[in-house]
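Visitor: Please put the model up and walk me through it. I will ask as we go.

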Amino acid sequence: MTTETKTGSVRPPFWRDVKVLRVVAQLVAGGLAVVLFLYLARNLRTNLTAANIPTDFAFLDQPAGVTVTGSDFKATQPISDIILLGIKNTFALAIVGIPLLTILGTLIGIARLSSNYLVRKAATAYVETLRNIPPLLVIIFTNTAVILSLPAIRDAATPFDLFVISNRFLAIPWATAQDNSGTYLAVLGIGFVASIAVWIWRTRRFDATGAPHHRFLWGTGTFVLFAVVGFFALGRPFTLSRPEVVDGRIIEGGYQTVGPYVAVLLALVIYTASHVAEIVRGSIQAVAKGQTEAANALALSSFQRLRFVVLPQAFRIAIPPLINQYLNFTKNTSLAIAIGYAEITLVVFQAIGNANPAPQLILILMGSYLLFSLSISLLINFLNRRLQLVTN
Amino acid sequence: MIKRLLLLVVVLAMVAAACGGDGAEETTTTTAAEDTGGQVAGDGVLAEVQSRGVLNCGVNNEVFGFGYVDADGNFAGLDIDYCRAVAAAVLGDAEAVEYKALTAQQRFTALQAGEIDVLIRNTTWTASRDGKEGGTFLTTTFYDGQGMMVKTDSGIGSIEDMANTTVCVQSGTTTELNLASRFAAGGLPYTPLTFDSNDELRPAFVADQCDGWTSDKSQLAAFRSQNPDADGGPEAWTILAETFSKEPLGPMVRDGDTQWAQVVDWVVFATIQAEEFGLDSTNVANYSGDNPEILRFLGKEVGDPPTVFDPGLGLPTDFAEQVISQVGNYAEIYNRNVGPDTALGLERGVNELWTRGGLLYPPPYR
């Protein structure tokens, strides 16, 4: 009898051993995928070679031959430069758009839960309208209804003599560096470090004595002190540069951007904010009701309740779906091609249209978006881990 | 255990073999890939089109006079008529065409991928396109040049007045490249505003987002002629006199199929030759003369003993008659779509027969 139990525990022959079969199946599937990919890659290369289309990346060093909206790019610069410029322009949309859409989306998400009938319904109307329109339409609408309706540059609006608003260029006042500007930036850096030190000191004092910390006031105050004193002590290291229209054709001074950039930014921010609003609303509602009730029992004001009790918990829930919206925003910037903003998709297709090989360029384009998406995920996942509840 | 290892080795060997083969130097594997590729057609596009019974023609759908959709929803224009001419020659039916509307950026990829048989989409013949786009340009059907259109009330009289202006241009076109060269040569700083299509460019020009609109002069004339009265009508827009590039527009086919290239070439030549012979769609069917050159051209019996001339292009011997009776000769095609009596009102200019001092010069059909 003992021998029988022993044979029962002996492993079956390998062709019936689940462990082995699993590994083999993985290897076979993986191998097939690799073979298929290599076959397709070679097929492409053979056919491109047969059709006399270059298969290497040498074209990247060729002059681009075109100039680019809103930059001083020269036609003699190589294609690799114009691709980098496109990446920079896409980044310029993402870096400004993501904070804006987060703020707008949060406000609207909170408004959807407001006890005020009008605010609540207005927010619902906003979300339900924009969420159900394709982003391309929002972009074209914004461009036509908002940007193109702005005055032509020769009749540009110049509110307070500080801004220039036209359908071609828009400009805001900007700081111009003078001598000492480097020193001043260093002073600001020291001020920043000092304000953090003050913040920590006030927090420690609060922890020790329980006296009100007012750490935000103290911290900002320290920084402002450094900024103001440093500014005058160094003899005005920055001066204000006001934008001015020259000849009714261009703008000089200030910080300027082109109409299509503003159109795409505006359109995608209001579009993506409608999705973010839903995420924020859902996350707030997902916070246990007892938390709100507890906050009410502590006689917190409704702002305090949101700021200190509900929102911190809601954002924990919201972060994973928010990442998705940030990624969507970044990918949707490719639609800017419709209204002529030179982001990465536009410059790549432009290069393809100018007799450069499509497969390589599309590969570069895909790689660029992958880079964008992975960096955003990485950043937010890091934040997510920091904010997650410690559950042990 | 040994068997298990063996299996692993087999799988690894498979992967290794695939990796090793990547060099594409071994002729055996390369031919296999070619056979399945589809791009390097063994039987040729001509046979393919004939067996399919319909011609896939890549065209424009937004340039009035060249390639556009008319009020009845049909494709029309000079380029469209050449699609029809090729179909009439190859299939005997000018209507057997499947039009594929393409943007400037899509066009070469569509041709390379075999989505279309021929690209007739006001495409400029350039060396790098011939060399790097995997296609071959054929006989020019329209000699064009690049111009600049401005608002009449802008006060701009020439390119030299355009320092610091913003110029609207379609991306992925030769005009975009010429624009950069022309303004660089004049030392004129400018801002380009590039659009994917003319439909998106037009509103920007109307709203004064750009001071100038640059494109082939024929295209500018087309859009100018179609400017609605609400926007001031055609008079509100002015095309500057200067022509700053050569833009020969013509059909393009994929590289590597000489027979098909010759077919399309000779269809274009036939329309020009017909005008030279004085043949048009009204008189070609009942040609009763005895000019042997014309009889040979029309695929009628000629000589003693009477024979039908077949140049061996792979086309039916009466292809010229089909093209002319169904589509017309060059003058008819030109005048119908872009000529002086149309909204575009373009004079023949260099697009005239060589006998009248133009550039149209078909090789002899013999």
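**A buried methionine and a chain interface**

Guide: B:Met252 is buried, at a relative accessible area of 0%. Buried means under 20% relative accessible area, exposed over 50%, and partly exposed in between, with a 1.4 Å probe and protein chains only. This is a predicted model: local features need pLDDT of at least 70, side-chain atom pairs count only at pLDDT 80 or more, and totals for chains, interfaces and linings use all residues. Residues are numbered from 1 along each chain as its sequence is written, chains are lettered from A and ligands numbered from 1 in the order in which they are written, and side-chain values use heavy atoms, with hydrogens and water left out.

Visitor: Which strand of chain B does B:Met252 lie in?

Guide: Strands (E, at least two residues) and helices (H or I, at least four) are DSSP runs, numbered from the N terminus. Chain B has 13 helices and 17 strands. B:Met252 belongs to residues 252–254, which form strand 15.

Visitor: Which residues does B:Met252 touch, not counting residues up to four places away in sequence?

Guide: Contact means heavy atoms within 4.5 Å. Leaving out residues up to four places away in sequence, B:Met252 touches B:Arg129, B:Glu133, B:Gly135, B:Thr136, B:Phe137, B:Phe108, B:Leu111, B:Val118 and B:Leu119.

Visitor: How far apart in space are B:Met252 and B:Thr140, C-alpha to C-alpha?

Guide: In sequence, 112 residues separate B:Met252 and B:Thr140. From C-alpha to C-alpha in space, the distance is 9.7 Å.

Visitor: What share of the 366 residues of chain B counts as buried?

Guide: B:Met252 is one buried residue of chain B. Across the 366 residues of chain B, the buried share is 54%.

Visitor: How much area do chain B and chain A bury between them?

Guide: Buried area is the accessible area (1.4 Å probe) that two parts lose on being put together, summed over both. Here 59 residues of chain B are in contact with 52 of chain A. Carbon and sulfur atoms carry 57% of the buried area, and the total is about 4700 Å².

Visitor: Which residue of chain B forms a salt bridge with A:Arg168?

Guide: A salt bridge is a side-chain nitrogen of Lys or Arg within 4 Å of a carboxyl oxygen of Asp or Glu. The two chains have 2 salt bridges between them. In the one formed by A:Arg168, the closest N and O atoms are 2.7 Å apart, and the partner is B:Asp211.
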